[in-house]
Amino acid sequence: MSILAQHKYPLSSRHHVRTCHSPFLPTRVYCAATTTTTATTNTTTTEPRSGPDRLVIERPILNDSTLASTWSHRAWVASGCTTVLISLAKATTGAAESHMWLEPILAGVVGYILADLGSGVYHWGIDNYGNASTPLFGSQIEAFQGHHKWPWTITRRQFANNLHALARAVTFTVLPLDLVFNDPVFHGFVAVCSGCIMFSQQFHAWAHTTKSRLPPLVAALQDAGLLVSRSQHAAHHRPPYDNNYCIVSGVWNEHLDKQKAFEALEMVLFFKLGVRPRSWSDPNSDWIEETQTPSQITAH
């Protein structure tokens, strides 16, 4: 979903508007300048307005066609699922042939746990660094920033539309592993880890869905702590917007936040590269969640 943002200032007189790009914000912004015309000299002078920048994100369009799945999206999800299933099949058949079940199962558990950690690191990076023009990740960075303002839109995004980017990454990563390796322990890890990563955006969507609208099995898995729950993920959408990044099970969130792991990474990147994360900026109203209106809830 493309999110358009603007700097809005109260304008007077005549105005020249020019497009500029912020190095840190994943949006297109517009810098407004006031032009004063002097009648006696017939010349103009431009005086830029002062004041803090304000990021304004336009309200998403109801039933936006960009939230629908395309055949390309479905093809990538089918491809990603196929590569994961091949890896799972290799783990299962290898375990059956060698009569060695414990090791592949334990490897799968490790894959599940590390997938949650990986989702947190990725989510933290997308939230805090880069912009819409960043190679490979620009569209996801832009969409995640809009998600902070309108988190309920993820529940409107169709299944393949929501998963296709991760499914494409899983296809290119896992397919070579399927072709080269046959070890059941290795594939036990790969199948579960890659599957959880690919479906993490769906787990994320479920964490924004009211419990009454969730499938009973999903609600049970959330209650058991096996999938990230709405109550846990809600903390990520409250000030200071710099915690609870993990979106598979959320099992890592408390530990990472207590140990200030992401704050330490931010300090390292700042002192090494001079790059400030977005979480260091004071959040304004444009980062605060706005809920659906009654008409939007009815239309859903």
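**Rings and charges in a predicted model**

User: How far from the ring centre of Trp71 does Arg74 lie?
Analyst: This is a predicted model, where local features need pLDDT of at least 70, side-chain atom pairs count only at pLDDT 80 or more, and totals for chains, interfaces and linings use all residues. Residues are numbered from 1 along each chain as its sequence is written, and side-chain values use heavy atoms, with hydrogens and water left out. A charge sits over a ring if NZ of Lys or CZ of Arg is within 6 Å of the ring centre and within 35 degrees of the ring normal. Arg74 lies over the face of Trp71, and its distance from the ring centre is 4.7 Å.

User: Which ring does the charged end of Arg168 sit over?
Analyst: Here the charged end is 5.6 Å from the ring's centre. The ring belongs to Trp76.

User: How many aromatic pairs are there?
Analyst: Rings of Phe, Tyr and Trp (its six-membered ring) pair if their centres lie within 6.5 Å; planes under 30 degrees apart count as stacked, over 60 as edge-to-face and the rest as tilted. By this rule the count is ten.

User: What kind of pair do Phe159 and Phe199 form?
Analyst: Their centres are 6.1 Å apart. The planes stand at 40 degrees, so by the cut-offs above the pair is tilted.

User: Is Phe199 buried, partly exposed or exposed?
Analyst: Buried means under 20% relative accessible area, exposed over 50%, partly exposed in between (1.4 Å probe, protein chains only). Phe199 has 25% relative accessibility, so the label is partly exposed.
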